[in-house]
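I set down here what I looked up in this structure, entry by entry. The sequence and the model come before the notes.

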Amino acid sequence: MSDTYSENERRLRATVRVFMSPGVWLVIGSLFLVQLIMRFRVFAEMEPPFPFLHLILLTVLLASFFYLMAGVSHALARSKNVVSFGAAISNGKAVFANFAWLIIKAGLLSILVFNIAAYVAVLVTGLELNELMKTYSSVFVLLLGVIGFVFVYWMPKVFVAQDFRLIPTLKAALDIFGSRFPRSGFLAVLTLGPTIVSVSLPAETPIVLEFMLDVIGGFMGWIAYVYCVEWLQDNPHGAARLADPA
């Protein structure tokens, strides 16, 4: 099946949809608020019960962020329109439970893989884990960026197919990425660009600039998501064949 849009049209559409969607702004704003509280440890230095309140507030904000993220992702995958505040909230109801369970499974898998990789790295380098993390922190950040790029079709595949299984969707996303790799320059810029900039920043970078870059990176990530979603919407049979080779 041929693409409905040319590459340039698809890129432009993804960019416009993201910046015109109030729901996306809401998700990025909620993440910014979480980062702000974590960075400045709001309430954390106060006497009890304020540290406990800090934990409760952070938990509620994180849950709200993932709820909104699920709602916006679902809304963007269901149509080709922009996403309003109301749509972000209402769409979250339908998928939040499945999405939360998927994130938990992905988190557990990530911890397992990280522990195995860290154990091997400690054996190979002879460094303690803390020393290893300090010495190769930039490498780890770049590696995370590369993983995000390679699995850029994962969340789009999950929401377009409404398939919240972990391993099958990861495999499908990897297959789609492999088939689309020659046309992945735009996605590479969106996913790897913020990572490369972040590891290139000097240690004394102002916090305001860091937050600005985080916000820009958030928008770039959503543009990548919409780009992949619209490709999957326009190529359902091709994506299905890649996901389920018989």
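I count two residues as in contact when heavy atoms lie within 4.5 Å. The model is predicted, so I took local features only at pLDDT of at least 70 and side-chain atom pairs only at pLDDT 80 or more, while totals for chains, interfaces and linings use all residues. Residues are numbered from 1 along each chain as its sequence is written, and side-chain values use heavy atoms, with hydrogens and water left out.

**Entry 1: R17**

I located R17 in helix 1, residues 7–19; helices are DSSP runs of H or I with at least four residues, and strands are runs of E with at least two, numbered from the N terminus. Is R17 buried or exposed? R17 is buried, because its relative accessible area is 4% and the cut-off for buried is under 20%, with exposed over 50% and partly exposed in between (1.4 Å probe, protein chains only). I then listed the contacts of R17, leaving aside neighbours within four places in sequence, and found L76, S79, K80, N81, V82, V226 and E230. With L76, the R17 side chain comes to 3.3 Å from the backbone oxygen.

**Entry 2: aromatic pairs**

I searched the whole structure and found 13 aromatic pairs. Rings of Phe, Tyr and Trp (its six-membered ring) pair if their centres lie within 6.5 Å; planes under 30 degrees apart are stacked, over 60 edge-to-face, and the rest tilted. For F32 and F211 the centres are 5.1 Å apart and the planes stand at 65°, so I recorded this pair as edge-to-face. F32 belongs to helix 2 (residues 22–40) and F211 to helix 10 (residues 207–234), so the pair ties together parts 179 residues apart in sequence. F32 is partly exposed at 30% relative accessible area, whereas F211 is buried at 8%. I also noted a cluster in which ring pairs link F65, F66, F99, F159 and F164.

**Entry 3: S64**

I found S64 in helix 3, residues 50–78. S64 counts as partly exposed, because its relative accessibility is 34%.

**Entry 4: Q162**

I placed Q162 in the loop between helix 7 (154–161) and helix 8 (166–180). Its phi is near 55°, a positive value in a residue other than glycine. Q162 is partly exposed, with 39% relative accessible area.

Key
A polar contact is a pair of N or O atoms within 3.5 Å; within protein, one must be able to donate a hydrogen and the other to accept it, and residues adjacent in sequence count only if both atoms are side-chain atoms.
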